[in-house]
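Please keep the sequence and the model at hand while reading.

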Amino acid sequence: MAGSTKNRGYAVYLIPGIIASTLVIIVPLVMTVYISFTKWTGIGSPRWVGFDNYTRLFEDANFWASFGHILLLILAMAVVPTFLGLVLAAVLFDYVAKKFNDRWASVLRSGYYLPQVLPVAVTGIIWGWILHPSYGALNKILETVGLGSLARNWLGDPKYALYSVMAVMIWFQLGYPIVMFMSGLQRIDPELYEAADLDGASWWQRFRKITIAMIRPELYVVLVTTTIASLKIFGQIFVLTRGGPSNATLVPSYFAYKNFFEKAQVGYGSAISTVLTILIVILAIVFLRLQNRAERS
Amino acid sequence: MTVTATRAPRRRTEERPSLRQRHPARFFILTGLLILLLLMVAPLLVVAVNAVKSPAEYAANGPLSLPHHLYWAGIVDFWNRVDFGLKLWNSFITSLVVAVLGVVLSVFNAYALGIGRVKGRTWFLVFFLVANLLPQEVLVYPLYYLSKQIGLYDNLLAIIIIFTVVQSAFGTYLLTSVYTEFPKELLEAASIDGAGKWLSLWRVVVPVSRPTLAVLFTFFFIWTWNEFFLPLVFLISNDNQTVPVALGVLQGDRMMDATTTSASALIGIIPAMVFFLIFQRTLTRGIAAGAIK
């Protein structure tokens with residue numbers, strides 16, 4: 001009894017948070033799910049159409065294409081940076097910091113992290129210019145060094161646009177796993193490595209058996225957050241390609257944005273974002289369960 | 001003195017050529033890492049070089065040549081054309097208010113959940129975790145519609161309210177796990193001294209957790225500064241745009257040539273770099289704190 005009166009004194013502090021989240025998160029979320037079952041232009045009142053938007057969605061080639069592009073972007077934003085980041089973090093922590101010194105390791109780390117601090121829109125502007133077909137730096141450089149035949153319309157040709165975006169995203173994401181993994185590596189007892197060295201373990205064995213095993217919590221956090229970030233990607237696509245050319249780089253969030261604000265198909269846009277949300281929540285639950293299981297064993 | 005001073009550099013020159021022969025692996029790994037570093041920063045360097053180059057010189061010598069003289073007109077023209085000072089102010093005031101209010105809201109929530117252990121706390125935490133994961137696309141249209149109804153559309157206030165709540169969802173999650181471990185003796189000592197919950201919060205909990213709060217403040221400020229999607233939808237008039245929106249919507253504009261584009265990119269990079277330098281210490285510590293959760 002004493003416990004519950006004690007708690008009641010604290011519950012007051014939740015009131016601003018509950019009111020604010022209700023207004024900004026719960027009400028809009030419920031509204032979007034409701035609107036996804038209607039036909040609505042944003043003016044007048046929505047008309048109930050049941051599952052029409054969803055059946056249309058599953059027959060829409062653009063919808064499937066946009067999720068196909070996301071799979072490639074997960075490769076570029078989550079898988080490749082995590083793998084490269086793991087190797088680089090281990091090399092910086094275990095090799096550069098020891099064979100040279102800490103200063104080198106931290107300078108390199110900061111340099112790799114740099115793209116992460118830039119606003120998404122600004123990275124889009126930088127790369128939009130570098131990859132521009134007529135006045136872009138990359139084509140100019142290729143011409144200068146005599147490789148003019150390699151010059152391409154990097155973002156304007158449907159054959160290359162998505163790969164160009166993927167390359168930009170690897171550049172953008174790489175610093176995040178490096179910093180996360182290096183901070184995790186600091187927990188490792190140096191004696192573990194020394195013991196492994198005495199046992200004659202190779203660098204690769206140490207990397208697999210000690211490094212990866214010890215920073216598994218960070219590994220999960222990085223994989224979850226980067227995968228979800230790739231599902232949500234909007235800013236870079238908006239600035240670099242606007243989903244084009246001919247939908248070659250269309251992604252779900254930009255697809256929803258177009259339906260909301262350009263085509264005035266609010267019901268359809270809501271269905272797209274509802275599907276995206278369900279996917280993200282499922283993904284988060286799966287990851288959390290995997291993580292819990294890994295921690296228990 | 002003089003002996004050691006002259007000997008030190010000579011030893012280094014003796015050692016340097018042998019690095020490659022004596023430690024080939026070491027040499028190649030370091031070279032590889034430095035090439036990667038160059039690849040990572042090269043885009044920024046190219047931008048910086050061309051932002052201060054005249055269009056004529058760019059046309060003549062291309063993107064890689066160093067400018068013969070510093071040409072500031074590109075940056076100045078662009079600054080004046082988009083009224084960049086105003087955009088900086090909009091971004092700054094939005095990010096600052098969101099960071100302050102977001103931290104306060106996170107502290108209130110975490111005080112109730114982490115220290116107060118209010119009933120149903122697990123469910124509240126799950127809620128804040130999910131809220132933090134939601135894509136903004138699923139909230140945007142109702143928020144846009146409702147803010148039009150109550151006259152907050154195209155108003156910085158709408159962005160401030162929305163981001164305060166969105167950021168504090170993360171803050172609540174992180175801070176609750178910190179407050180769960182809060183030393184009980186400190187709170188008991190405060191209550192023996194006659195401090196109520198309100199006083200304990202401000203006199204004990206907040207000062208003790210100041211490092212974590214500083215990290216949250218930093219995160220909220222930078223995240224809000226970098227936000228693009230919701231400001232793009234909400235802030236349509238020129239006077240209300242934030243820096244990323246002002247720069248983002250100009251992409252593909254006919255007025256943008258190579259040097260103007262790099263000038264615009266450079267003035268977008270500079271504030272971010274300044275924050276990076278100011279906050280680097282808190283940031284690194286913060287990333288470490290986030291990793292442990």
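Is B:D83 buried, exposed or partly exposed?

## Two loop residues of chain B

B:D83 counts as partly exposed, with 14 other C-beta atoms within 10 Å; a residue is called buried if 20 or more other C-beta atoms lie within 10 Å of its own, exposed if 12 or fewer, and partly exposed in between, with C-beta atoms placed from the backbone. This residue sits in the loop between α4 (73-82) and α5 (84-115) of chain B, where helices (H or I, at least four residues) and strands (E, at least two) are DSSP runs numbered from the N terminus. Although B:D83 is not a glycine, its phi is positive, at about 50 degrees.

B:R117, which is not a glycine either, has a positive phi of about 45 degrees, and its place is the loop between α5 and α6 (121-133) of chain B. B:R117 is also partly exposed, having 15 C-beta neighbours inside 10 Å. As background, most residues other than glycine have a negative phi.

## Basis of the model

The model is predicted, so that local features need pLDDT of at least 70 and side-chain atom pairs count only at pLDDT 80 or more, whereas totals for chains, interfaces and linings use all residues. Residues are numbered from 1 along each chain as its sequence is written, and chains are lettered from A and ligands numbered from 1 in the order in which they are written.

## Chain A: annotations and domains

An unreviewed UniProt entry lists residues 12-37, 63-92, 112-130, 160-179, 219-240 and 266-288 of chain A as "transmembrane region"; UniProt positions are given in the numbering used here, feature names are shortened, and annotations may be inferred rather than shown by experiment. Among these spans, residues 63-92 are 100% helix and 0% strand, with end C-alpha atoms 42 Å apart, while residues 112-130 are 89% helix and 0% strand, with end C-alpha atoms 19 Å apart.

The unreviewed entry also carries the annotation "domain: ABC transmembrane type-1" for residues 67-287 of chain A, a stretch that is 76% helix and 0% strand and whose end C-alpha atoms are 20 Å apart. Separately, the domain assignment, whose bounds come from an automatic or database source, divides chain A into domain 1 (1-35) and domain 2 (50-296). The centres of domain 1 and domain 2 of chain A, taken over C-alpha atoms, are separated by 34 Å.

## Chain B: overall make-up

Chain B has 14 helices and zero strands. Of its 293 residues, 41% are buried. Among contacts in chain B between residues at least 6 apart in sequence, 75% join residues at least 24 apart, a contact being two residues whose C-beta atoms, placed from the backbone, lie within 7 Å.

## Where the chains meet

The contact between the chains takes 72 residues from chain A and 64 residues from chain B. On the side of chain A that touches chain B, helix α2 (residues 15-35) of chain A gives the most, with eleven residues.

## The largest nonpolar core

A nonpolar core is a set of buried Ala, Val, Leu, Ile, Met, Phe, Trp, Tyr and Cys residues joined through C-beta atoms within 7 Å. In the largest one, of 152 residues, B:Y111 and B:I162 touch the most other members. Helix α8 (residues 156-180) of chain B supplies the largest share of this core, 15 residues. Not counting residues up to four places away in sequence, B:Y111 touches A:Y10, A:Y13, B:G116, B:Y179, B:L201 and B:V205.
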